[in-house]
Amino acid sequence: MWRIKWVDNLQWLAWLLLVSHFVLLVNSVASNLHLMEGTSIPEILGSDVFFEIIDPRELGYTYRLRPAKDFGAPFNDSFQAVGVGLVPVDPPSGCGWPQNADSVEGNIALVERGECSFVSKALKMEEVGALAVIVADNDIRGDEHFIDMVDDNTLREVHIPAGFLLGKNGHMIRRTLEKLRRKRAVVNIPVNLTYVPLVKHKQPPWLGW
């Protein structure tokens, strides 16, 4: 009889451990920050910055940026853009004067990687009057690997912040705005997630888990 109770207790404990593991797994998936065991939130965030889209609601998530490594102004307390437009540049490369320059001026430019250096893109958007530039990878399926945007050794100075965005995020932002016939999204940047619980990180659902 005691042996039966002992076996039952072991089965109950195994079931409890299984449920606990499932809850932890769900919470980890919800965060979508590619956590590694033993990694703290500050270590995950590192020097990366985040912005949130507050309009349209179809894009209402928090997005991660990798700031330019050795050029441009920083995304920090001196740069606070609240309720500012995020405008996809036309043409997307941002290497020349955009056709929608009037919309880009005074807002944040969203361009795509390719055709010219990161510095050239940032300088062109600065010339147009953008507050900052976000460079999305031209791999529209890219949902995991960030690229370090480095200086092109041309000794040109960039005075606005610049950051790298995953290609899938850039593609979804641009495609959704086109579908809604919107010229821009409305964003807050940067947003501080250091002390936000992982389960409350509202990451885009289309990224790979």
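Biologist: Which residue follows α4, and is its phi positive or negative?
Modeller: Gly 129 comes after α4, and its phi is positive, near 110°. Please keep in mind that this is a predicted model.

Biologist: How do you know how many helices and strands the chain has, and in what order do the elements run?
Modeller: The DSSP runs give five helices and seven strands. Starting at the N terminus, the order is α-α-β-β-β-α-β-α-β-β-α-β.

Biologist: How do the seven strands run in the barrel?
Modeller: The closed barrel has the order β1-β2-β6-β5-β4-β3-β7, and its pairing is mixed. From one strand to the next, the twist averages 35°.

Biologist: Why do β1 and β7 count as paired?
Modeller: Two strands pair if there are at least two bridges between them. Four bridges join β1 (residues 49–55) to β7 (residues 185–191), so the two strands are paired. They run antiparallel. As one example, Ile 53 has Val 187 in β7 as its bridge partner.

Biologist: What makes Cys 95 and Cys 116 a disulfide?
Modeller: The cut-off is 2.5 Å between the sulfur atoms. In this pair they are 2.0 Å apart, so Cys 95 and Cys 116 form a disulfide. The structure holds one disulfide.

Biologist: Why is the disulfide of Cys 95 and Cys 116 called left-handed?
Modeller: The torsion about its S-S bond is about -95°, so the disulfide is left-handed. The pair links distant parts of the chain, with the two residues 21 residues apart. Cys 95 is in the loop between β3 (81–88) and α3 (101–104), while Cys 116 is in the loop between β4 (108–112) and α4 (118–128).

Biologist: What makes Thr 176 buried?
Modeller: Thr 176 has 13% relative accessibility, and this is under 20%, so it counts as buried. Thr 176 is also found in α5. Again leaving aside neighbours within four places, its contacts are Glu 58 and Leu 59.

Biologist: Why is Asn 169 called buried?
Modeller: The relative accessible area of Asn 169 is 1%, so by the 20% cut-off it is buried. Asn 169 is in helix α5. Beyond neighbours within four places in sequence, it is in contact with Tyr 63, Pro 204, Trp 206 and Leu 207. The C-alpha atoms of Asn 169 and Asp 143 are separated by 7.5 Å, although these residues are 26 residues apart along the chain.

Biologist: What span does α5 reach, and what is expected?
Modeller: Helix α5 (residues 167–180) has 14 residues. From its first C-alpha to its last it reaches 20 Å, close to the 20 Å expected at 1.5 Å a residue. Its buried residues include Gly 167, Gly 170, Met 172, Ile 173 and Leu 177.

Biologist: Which residues touch the most other members of the largest nonpolar core?
Modeller: They are Phe 51, Tyr 63, Leu 86, Ile 108, Leu 165, Ile 173 and Ile 189, in a core of 27 residues. The elements giving two or more residues to this core are β1, β2 (62–67), β3, β4, β5 (132–136), α5 and β7. A second, separate core has 22 residues, among them Ala 68, Phe 118, Ala 130 and Val 158.

Biologist: Which residues of α4 are buried, and what covers them?
Modeller: The buried residues are Phe 118, Val 119, Lys 121, Ala 122, Leu 123, Met 125 and Val 128. Their cover includes α3, β4 and β5.

Biologist: How much of the chain counts as buried?
Modeller: Of its 209 residues, 42% count as buried.

Terms used. Residues numbered from 1 in each chain as written. Predicted model: local features only at pLDDT ≥ 70, side-chain atom pairs only at ≥ 80, totals over all residues. Heavy atoms only, no water. Axes fitted to C-alpha atoms, helices over the stretch in contact; angles between N-to-C directions. Expected span 1.5 Å × (residues − 1). Buried < 20%, exposed > 50% of the residue type's maximum accessible area, 1.4 Å probe, protein only. Core = buried A, V, L, I, M, F, W, Y, C linked by side-chain atoms within 4.5 Å. Contact = heavy atoms within 4.5 Å.
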